[in-house]
Amino acid sequence: MLHGTRFVHSALWSKAYDRRYSLGGAAAAFNNNSTFAATAATARFGGPVGKAAVGFLVLGTAAAVSSGSGISGISGRVAPFCSTRGRSSATNTTTTAANTDSPASSHPSSSSSRGVSPSPSPMAMEVVRVPCLADNYVWLLREPSSGRTAVVDPAELHPVVSELERRGWSLDTILNTHHHWDHVGANEHLKRRFPGLQVVGPRADKDRIPGIDVQVGDGDSWQFGSLEVRVFDTPGHTRGHITFWVPQAGALFPGDTLFALGCGRLFEGSPRQMWSSLSKLLPLPDDTRVYCAHEYTAANARFAVTVDPTNTHLAERKARVDEARAKGEATVPSLLGEEKATNPFLRPGDSAIRQQMGMGPEAEDWQVFAAVRAAKDRF
Ligand SMILES: [Zn+2]
Ligand SMILES: [Zn+2]
């Protein structure tokens, strides 16, 4: 009954948001040839290999290599309710979450890394992108030494299970960043499919996470095989939103808090709260890969250049993003360093952005962030 209540609640929420933010169809233009920006890659077949599985692990400086598997289980359902607009995503792709270049683009150096984590080691964790719905990215995580496998924000059952089966993997954990249905939609189905599977989610939103087993919050850490997964409370998009960080793998899973060149809409939080949440992520190393939950980058780039028109790094990144999207390629993950250098939602202290927003040096960072967020909402 409790679960039923939760689902009714979710359905009501999604109806409300669908009215406001329906995509008006979920046409997808996928390109099966999604090898992108890959420098010379050394790859090996990894893990238990199921039928037709091609478990690439990308080593060294390689960016990313397409699994070449095509798309599984694309849904034509209504827009995910975090969406305001959307395009397609790209094919499933495997990367290691290691200290490598961004698969989507090269990145300018940022001056703001304060390096609070140990150096990420290669091969620490395998990450597989599973496109779901219109523009969601669900992430499969594999810790090779233990064989433990997790999924971040499973929107749908079928694409996740298809990818697991293709690789011969089982699933032991769901990591949920927040309660929106396009992030928890497959929780209960996956729990039935994989007995013993545990759902790890935000303590602050435990009543809205279907099937939650392990509640985590700010400062907590959770062990994933040999890897420590650290948790930040990052409210703003929703009041209970959390972000997962795997420092040994240099991987960040910010859900709908931080996007490539953007940030989540403020459905349940204030601009000040969201700025505080984003500020927790800024000290993380520049080479942290940002595995956000949606392919919104092209639309975000169109907005970003209007508030930061003189940023040459941003202009170059926009060109790369537009080129990638024209070919149906994914632009996620990005590197935190390039977000610090080009994402206007992380740059409220920048004098050019302040000037563009008509704000001076006396404004607080959160006030500039609020102005940029409000401008995006109107864009
Ligand atoms: Zn979302
Ligand atoms: Zn959301």
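Val151 is in contact (C-beta atoms, placed from the backbone, within 7 Å) with Val138, Trp139, Leu140, Val160, Leu171 and Ile174, leaving aside its neighbours within four places in sequence. The model is predicted: local features need pLDDT of at least 70, side-chain atom pairs count only at pLDDT 80 or more, and totals for chains, interfaces and linings use all residues. Residues are numbered from 1 along each chain as its sequence is written, while chains are lettered from A and ligands numbered from 1 in the order in which they are written.

**Helix packing**

- Helix H5 (residues 271-281) packs against helix H10 (residues 365-378) at an angle of about 110°, with the axes 9 Å apart; helices are DSSP runs of H or I of at least four residues, strands (E) of at least two, numbered from the N terminus.
- Axes are lines fitted to C-alpha atoms over the stretch in contact, and angles run from 0 to 180 degrees between N-to-C directions.
- The contact involves Pro271, Arg272 and Trp275 of H5 together with Asp365, Trp366, Phe369, Ala370 and Arg373 of H10.

**Backbone features**

- Most residues other than glycine have a negative phi, and most peptide bonds are trans.
- Leu133, which is not a glycine, has a positive phi of about 50° and is found in the loop between E5 and E6.
- Leu261 has a positive phi near 65° and lies in the loop between strand E15 (258-259) and strand E16 (262-263).
- The peptide bond from Val332 to Pro333 is cis, with omega near 10°.
- Pro333 is in the loop between helix H7 (312-326) and strand E18 (334-335).

Terms used: Two residues are in contact if their C-beta atoms, placed from the backbone, lie within 7 Å.
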